[in-house]
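Let's take a walk through this one, starting where the two chains meet and then moving inside one of them.

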Amino acid sequence: MTKKNKVKSSKAQGSDSQPSDLIDITRKRFRVGDFLAEKIIKGVALLSITIIVLIFFFVFREAFPIFNTSKEVKKSPTELAKQDTQETYGAVTDVDSKGTGQETYGAVADTLVKKDKTPAKGTYTVNAGSGTDDNKSALNTMLTKDWVPVSDKPRYGILSLIIGTFKITLISMLFAAPLAILAALYTAEFANKKMKEIIKPTIELLAGFPSVVIGFFALMVLATFLQNIFHYSTRLNSFVGGIAMGIAAIPIIFTITEDALTAVPRSFNEASLALGASKWQTAFFVILPAATPGIFAAILLGIGRVFGETMIALMATGNAALMDLNPFESVRTLAATIGAEMAEVVFGDTHYNVLFLIGSLLFVFTFILNAIAEFYVKGKLMKRIQGK
Amino acid sequence: MILDKIHTEKMFLYYSEKVALKDISIKIPEKRVTAFIGPSGCGKSTFLRSLNRMNDLIDGVKIEGKVMIDNINIYDKNIDVVNLRKKVGMVFQKSNPFAKSIYENIAYGPKINGINDKKQLEEIVETALKNAAIWDEVKDRLGDSALGLSGGQQQRLCIARTLAVNPEIVLMDEPASALDPLSTSKIEELIVQLKEHYTIVIVTHNMQQAARISDNTAFFYLGELIEYDKTKTIFTNPSKKQTEDYITGRFG
């Protein structure tokens, strides 16, 4: 065949001696549209990557001074002077007159006390600037169980926040994952077409639901409802918060799981049914295991959502930083702490740095989560399932 | 005497409104290999799939007439489809092992039938793999994923998986069409061996294959059963013009 074609074409060329009919491929042409499109896309892509990197950089940079315990006080007199003139919470006069043993609203008051008077014996004298002694003590208090950042003697027990965050994540996942996965399994395998067309968009709509509304619902309705059932004493606690966050995470887990299940080849379904398996046996023992990597990814994304969830945490968890494993006690999460305190904190203060440290921790945890997803799912699970 | 394992009477199949199978009446003998041949879209696969009601999975399929297996109409209202499919196993055109280990692929069928004894399962797996002539190739790596096997091995694994639930009838939908000649000949040998215990119905595009392995051959064209006879007769002395044209390669 090819030979014939060649002969034909050469003949055509021979008889048709006008080369203008042929497409010229010898000259390389510059195409402006292509060039511009490529450069613009590249530029925009690089810009977005840069922005992300800068955010990373900013958060870590702001968190970094907390580890700076070796240097001398680095504040210049002008800075200190500036701080002296800063506005106070009105507690200053109180402190001035009554002495220093009392807890105040924090930083500025302390500074004034220290500046104007010689501190009384036995008081915690370190002020809330970014002095190095302060950082040292902040670091020392991080493993304690108290989170009292605004006090004469501030304690930054991040551990209780971390435990609180993990506790609430666990609760929400225990609640959300089975529900979402079963719902997805139903939608993908059992629901008829019409049902599917209703369920899927509805749940996906819920993914865009403002978390403040879910938080509000949890605060006003869910908390009372659950308390009436379980009769625990603290109305707002990690259980309520976990359920509320689970509600926020369900749509995400559902959507991705449903996609993963639908992506399982139909031939698996046929093969299983042809072996005399019932529909639910097929769904549970063939389709579900085959979709494991996708489901795993879905759960990790759900965890990511809960991890960073701030509004619901602020509204429905009680916000008390207790180091306790009891699900019916209040908790405070990392994200909620930043959300609640960042607006109130003195710029450049130890507390400020600690909040950024918390932000960095959130970054790091999310990063680890993604790394697990990447390596475990792509590496191990895929290998096991695809046999490569 | 050879019994008729399957027979259909005046069977019609519709996809929504379209007629896909017209007036099919056929008697398929027990423990023989019966081949269905015909050009693409002639309804032979559709017919095969209606023998274990795999067509139920497709929306809008309607069947009229009788499809009898062991003298029971499988489209009766009170037929248990799950058990029907245990009785009538199926091997598909594209090998479709589950994303599980080789062992788990075979053990899946018996397991869903309630066999949980480990020893018994191991025996079943070994027998099935041996019957499907793949045991020697996989016995050292039963724990590996089945998806790591070659195409021919995967197809034999699928046959083993079907055999593991001990069906009476095995339907094969072009089981060798995606395989190389060597794997194909292995599967053909296997089919000839299997007819000792099973009734086999095979759809094939490959007429030599039908001639080599089948006892009876049915020729389908445009949803109709044109001719059905002993394979030898069909290939040497067909009674219908269309059959002759097809097997001599004049169309199709």
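How much area do chain A and chain B bury between them, and what share of it is on carbon and sulfur atoms? Keep in mind that this is a predicted model. The answer is about 1900 Å², with 65% of it on carbon and sulfur. On the chain A side, Glu270(A), Ala274(A) and Leu275(A) lose the most area to chain B, and together they make up 33% of what that side buries. As for who takes part, chain A brings 21 residues to the contact and chain B brings 24.

Now for the polar side of things. The interface of chain A and chain B has one salt bridge. Glu270(A) pairs up with Arg49(B) in a salt bridge, with the closest N and O atoms 2.7 Å apart. Between the two chains there are five residue pairs in polar contact. Helix 11 (266-274), helix 12 (279-290) and helix 16 (350-386) of chain A each give two or more residues to the side that touches chain B. Helix 11 of chain A gives the most, with seven residues. Sorted by class, that side of chain A has 11 nonpolar, eight polar and two charged residues.

Next, step inside chain A and follow helix 12. The axes of helix 7 (residues 158-190) and helix 12 of chain A come within 11 Å and cross at roughly 115 degrees, and the crossing is right-handed.

How values were computed. Residues numbered from 1 in each chain as written. Chains lettered and ligands numbered in written order. Predicted model: local features only at pLDDT ≥ 70, side-chain atom pairs only at ≥ 80, totals over all residues. Heavy atoms only, no water. Contact = heavy atoms within 4.5 Å. Buried area = accessible area lost by both parts, 1.4 Å probe. Salt bridge = Lys/Arg side-chain N within 4 Å of Asp/Glu carboxyl O. Polar contact = N/O pair within 3.5 Å; in protein donor to acceptor, adjacent residues only side chain to side chain. Helix = DSSP H or I, 4+ residues; strand = E, 2+ residues; numbered from the N terminus. Nonpolar A, V, L, I, M, F, W, Y, C, P; charged D, E, K, R; others polar. Axes fitted to C-alpha atoms, helices over the stretch in contact; angles between N-to-C directions. Left-handed = near helix turned anticlockwise from the far one by under 90°.
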